[in-house]
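The structure comes first, then the notes.

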Amino acid sequence: MRTKNQETLDRILKFVNKYYQEYHSSPTINDVAEGVGVARSTTHRYLQELSDRNLIDYGRGILSAPQSAKMKTAYVSAPLVGSIRCGNPEDEEESIEEYVSLPVSMFGKGDFYILRAKGDSMVDAGIDEDDLLVIERNCPALEGDIVVALDEDNQNTLKRYAGYDKDSGYYILEYENEARYPGKTIKVRSFQVQGVARHVIKSL
């Protein structure tokens, strides 16, 4: 059984979404193959995979009846890439556990990935152990945002970005658990924003 490339799946899903929005009808296999730049046989396999994931309605009749591939709803695919420490920074190797389909109507059309929270330093922000965090990458961090921060030592942590202190020359990352860590902050000369937390999916 051939494995499916997630990037190709995403490209096909986005193409079908866009086509349906523009023309109010579904593309044929040829439309998709030409639009995405993949072979027709490959397109068929990937459309079937998207149908199996319940992202589109698709059947062999698409060739003679394009309407059979109408979109149920628009989704973006986000990888679940492990955990992020809500505490002191630590090394965390990224490994994709699975892909999660997020409805655009709820999450928007950003470039997302998903992290599992560890630790208790962000409980005052409503983030508890094992909650899933929908992180938007490739976006600027504003003061007050909860960010995935990579510090000078290439260690990750999840904290609230509290801005730049001109007097000390440090960027401030704040804990959100006043009961356990009263007034505690992390001060760094520089850091990279690897994403901004947009949604919290509570653990059961």
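## Contacts of Ile 135

Ile 135 touches Asp 111, Phe 112, Tyr 113, Leu 115, Val 148, Gln 194, Gly 195, Val 196 and Ala 197, leaving aside residues up to four places away in sequence (contact means heavy atoms within 4.5 Å).

The model is predicted: local features need pLDDT of at least 70 and side-chain atom pairs count only at pLDDT 80 or more, while totals for chains, interfaces and linings use all residues. Residues are numbered from 1 along each chain as its sequence is written, and side-chain values use heavy atoms, with hydrogens and water left out.

## Nonpolar cores

A nonpolar core is a set of buried Ala, Val, Leu, Ile, Met, Phe, Trp, Tyr and Cys residues joined through side-chain atoms within 4.5 Å; buried means under 20% relative accessible area (1.4 Å probe, protein chains only). The largest core has 14 residues, and Leu 115, Ile 127, Leu 133, Ile 135, Val 148 and Leu 158 touch the most other members. Two or more residues each come from β1 (75–85), β3 (112–118), β4 (132–136) and β5 (146–151); strands are DSSP runs of E, at least two residues, and helices are runs of H or I, at least four, numbered from the N terminus. The most, three residues, come from β3.

A second, separate core of 13 residues includes Val 36, Val 38, Tyr 46 and Leu 55.

## Largest pocket

The largest pocket is lined by 22 residues, and Asp 10, Lys 14, Val 76, Ser 77 and Gly 110 lie nearest its centre. On a 1 Å grid over the protein atoms alone, a pocket is an open set of points where a 1.4 Å probe fits, with protein on both sides within 12 Å along at least five of seven lines; lining residues have an atom within 4 Å of a point.

The elements giving two or more residues to this lining are α1 (6–23) and β1, with the largest share, nine residues, from α1.

Definitions and conventions
Buried < 20%, exposed > 50% of the residue type's maximum accessible area, 1.4 Å probe, protein only.
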